[in-house]
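I am opening a notebook page on this structure, and I will write down what I looked up in the order in which I looked. The sequence and the model come before my entries.

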Amino acid sequence: MKIYAFMADGTEETECLAVADVLIRGGIEVKTISVSGKREIKSSHGITVVCDEIIENTDLGDADALFLPGGMPGTKKLGECKLLTDALLVANSAGKRIAAICAAPSVLGKLGLLKGKTATCFPGFEDMLEGAAYTRTGVVTDGNITTARGLGFAIDLGLELLALLTDKENSDKIKAAIQYD
């Protein structure tokens with residue numbers, strides 16, 4: 001099982017890395033993919049993160065799931081990356097798991113992937129969830145798409161994805177191991 005987590009200059013690093021951490025602990029292979037043309041990205045808080053690969057060198061169809069962390073201007077840059085938006089459309093058509101947190105569900109909304117679904121996002125981005133029924137729920141899964149409201153729900157998102165990609169027992173085991181009550 002493999003998930004690609006996409007990052008750009010301006011990505012909220014903790015949203016990405018907290019979700020990745022939970023998934024890795026649960027046995028999921030996580031690859032961080034830069035859409036910025038270089039492996040090193042500068043996060044929304046000025047922290048340099050070295051991604052595993054750049055998008056141009058990645059077979060995007062190889063992933064079982066795609067994950068978009070939020071942050072600004074990272075979310076905007078993710079949405080402007082044609083390789084990524086095309087991969088999201090293909091993944092959605094194939095019924096693959098897609099997840100986004102904070103501002104990043106807006107990328108899915110603009111692509112029409114949230115039409116007829118319930119979704120959440122960081123406050124202020126609700127109008128970009130085109131066609132979705134907005135909820136203030138911290139993490140919501142509707143079909144193959146999981147969205148989360150923001151950084152405070154990053155661990156919850158990781159646990160939800162782990163349950164969906166493996167099973168609830170594995171997710172509960174990791175939740176207990178990290179002392180998350």
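Is Lys76 buried or exposed? I looked this up before anything else, keeping in mind that the model is a predicted one. Lys76 has a relative accessible area of 51%, and because the cut-off for exposed is over 50%, Lys76 counts as exposed.

Entry on the partner of Lys76. I found that Lys76 forms a salt bridge with Glu80, and that their closest N and O atoms are 2.8 Å apart. Both residues belong to helix α2, which covers residues 74–80, and since they are 4 residues apart there, about one helical turn separates them. I then checked Glu80, which is exposed as well, with a relative accessible area of 53%.

Entry on the other salt bridges. How many salt bridges does the structure hold? I noted 7 salt bridges in the structure, and I followed up some of them here. I reminded myself that side chains of opposite charge can pair when their charged atoms come close.

I turned next to Lys2, which forms a salt bridge with Asp62, the closest N and O atoms lying 2.6 Å apart. Lys2 sits in strand β1 (residues 2–7) while Asp62 sits in the loop between β5 (53–54) and β6 (65–68), so this pair ties together parts that are 60 residues apart in sequence. Lys2 counts as buried, at 18% relative accessibility, whereas Asp62, at 39%, counts as partly exposed.

Entry on helix packing. How do helix α1 and helix α5 pack, and at what angle? I read that α1 (residues 13–25) and α5 (residues 154–165) pack at an angle of about 40°, with their axes 8 Å apart, and the two helices are therefore oblique to each other. The crossing in which α1 passes α5 is right-handed. On the α1 side the contact is made by Thr14, Glu15, Ala18, Val19, Val22 and Leu23, and on the α5 side the residues include Ala154, Ile155, Leu157 and Gly158. I also noted how the residues of this contact divide, namely into 11 nonpolar, 2 polar and 1 charged.

Conventions:
Residues are numbered from 1 along each chain as its sequence is written. This is a predicted model: local features need pLDDT of at least 70, side-chain atom pairs count only at pLDDT 80 or more; totals for chains, interfaces and linings use all residues. Side-chain values use heavy atoms; hydrogens and water are left out. Axes are lines fitted to C-alpha atoms, for helices over the stretch in contact, and angles run from 0 to 180 degrees between N-to-C directions. Angles under 35 degrees count as roughly parallel, over 145 as roughly antiparallel, 65 to 115 as roughly perpendicular and the rest as oblique. A crossing is left-handed if the near helix is turned anticlockwise from the far one by less than a right angle, and right-handed if clockwise. Contact means heavy atoms within 4.5 Å. Ala, Val, Leu, Ile, Met, Phe, Trp, Tyr, Cys and Pro count as nonpolar, Asp, Glu, Lys and Arg as charged, and the others, Gly among them, as polar. A salt bridge is a side-chain nitrogen of Lys or Arg within 4 Å of a carboxyl oxygen of Asp or Glu. Buried means under 20% relative accessible area, exposed over 50%, partly exposed in between (1.4 Å probe, protein chains only).
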